[in-house]
Amino acid sequence: MKSVDGMRLYQRDNGIWYVELQHNIVRSLKTKDEREAKFRFSALQREKTMSKFVELDKVKSMSLQSLITAYLEWCGINRAPNTCNRTERALQKLSEVVGKNKDVYILKKKDLDVYVSYCKSINNNNVTINIEIRHIKAVFSWAVTREYLKASPFQGYSLLKTQKTIPKFLTPAQILKVFDVIGDNKKYRLIFALYIYTGARREEIYRLQWKDIKADTVTILKTKNYTPRVIPICEKFKEILSEYQSRIGKVYTGNIDHMSKTIKEYLTLAGCGDVRPHDLRHTFASQLLMSGASMASVQVLLGHTTYATTQIYAHLSQEHLIDVVNKLPY
């Protein structure tokens with residue numbers, strides 16, 4: 001009697017050898033010769049092993065639309081609304097290009113090539129296309145972690161080349177001008193202050209609660225990368241905050257798009273029409289660096305997960321170093 005890998009070889013009283021493939025499933029080897037029985041038993045073991053490999057290689061059919069539905073359900077719980085919306089738009093466009101019923105197991109990098117060609121045909125610029133490619137690649141990497149796929153068909157797909165641009169930012173004189181045009185509007189003086197004194201993103205400001213603002217710090221809990229960060233409050237920001245006595249609920253209670261639109265209008269009135277509200281985050285970082293802050297400190301304050309992201313401000317730190325070197329007394 002012999003048991004290997006769940007299979008058992010044994011001989012009955014009639015002299016014939018049998019193999020128990022699994023519980024209560026028995027096959028006669030039709031021989032009384034022990035040597036022959038062992039040979040056939042080994043062959044059956046190899047057959048069972050091969051069938052396992054074949055089973056492992058089998059993949060279930062899954063349409064692109066099914067994957068999109070599964071991901072968006074997860075995304076809605078685990079990612080910021082803006083991220084979900086951007087991803088959904090990219091996936092919708094991909095399904096229109098390659099077909100929503102296409103099996104995800106037969107997708108290739110060339111399908112993403114077709115996607116890129118379509119994006120170019122509707123005049124999407126390379127920066128926009130790259131953002132969408134990143135979202136799409138993230139979805140398929142997620143599918144691998146959830147065992148929908150063995151490997152992402154878009155792994156290693158290269159982003160399009162783009163012209164590197166220097167982030168726009170306000171000068172101290174322009175900042176004062178914006179405050180001037182905002183005037184007595186306490187609501188938007190606070191929103192503008194949150195942008196330039198904390199470097200917060202639009203969604204972070206919109207979701208901010210008064211309880212997150214203490215005497216010396218602002219804690220941004222709901223961030224893009226889901227990692228909270230704490231920003232110290234400078235004296236000028238404390239002066240603006242002192243205007244508010246009742247601090248209950250959300251800091252901003254209006255519509256998020258209206259908030260951005262209003263800030264943009266104030267920027268335009270101040271003669272800074274080429275500056276976007278998001279550039280106020282760049283203003284926070286840029287002015288810190290030009291005031292002598294280290295790149296590492298700015299990385300922490302902005303909540304960048306990688307140093308490479310903060311490197312877009314590297315030219316500013318270099319300019320600051322030039323000013324420092326020029327102060328040498330010899």
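Begin with α2 and α5 in this predicted model: the two helices are roughly perpendicular to each other, since an angle of 65 to 115 degrees counts as such. Select residues 64-78 for helix α2; this helix packs against α5 at an angle of about 90 degrees, and the axes lie 11 Å apart. Next, display the side chains at this contact. From α2, show Leu 64, Leu 67, Ala 70, Tyr 71 and Trp 74, which meet Val 139, Phe 140, Trp 142 and Ala 143 of α5. By class, the contact of α2 with α5 comprises nine nonpolar residues, with no polar and no charged ones.

On the α3 side, select Thr 83, Arg 86, Thr 87, Ala 90, Leu 91, Lys 93 and Leu 94; on the α5 side, select Thr 128, Ile 131, Glu 132, His 135, Ile 136, Val 139 and Phe 140. The contact of α3 with α5 divides into seven nonpolar, four polar and three charged residues.

Then turn to the cavity. The structure holds one cavity of 30 Å³ or more, and the largest cavity has a volume of about 30 Å³. To locate the largest cavity, select its lining: Leu 194, Thr 198, Ala 200, Glu 204, Ile 205, Leu 208, Val 218 and Ile 220. Colour α7 (186-198), α8 (202-207) and β5 (217-220), each of which supplies at least two residues of this lining. Colouring the lining by class shows six nonpolar residues, one polar and one charged.

Conventions
Residues are numbered from 1 along each chain as its sequence is written. This is a predicted model: local features need pLDDT of at least 70, side-chain atom pairs count only at pLDDT 80 or more; totals for chains, interfaces and linings use all residues. Side-chain values use heavy atoms; hydrogens and water are left out. On a 1 Å grid over the protein atoms alone, a cavity is a set of points where a 1.4 Å probe fits but cannot get out, and a pocket is an open set with protein on both sides within 12 Å along at least five of seven lines; lining residues have an atom within 4 Å of a point. Grid points are joined across faces, edges and corners, and a volume is the space filled by probe spheres set on the points. Helices (H or I, at least four residues) and strands (E, at least two) are DSSP runs, numbered from the N terminus. Ala, Val, Leu, Ile, Met, Phe, Trp, Tyr, Cys and Pro count as nonpolar, Asp, Glu, Lys and Arg as charged, and the others, Gly among them, as polar. Contact means heavy atoms within 4.5 Å. Axes are lines fitted to C-alpha atoms, for helices over the stretch in contact, and angles run from 0 to 180 degrees between N-to-C directions. Angles under 35 degrees count as roughly parallel, over 145 as roughly antiparallel, 65 to 115 as roughly perpendicular and the rest as oblique.
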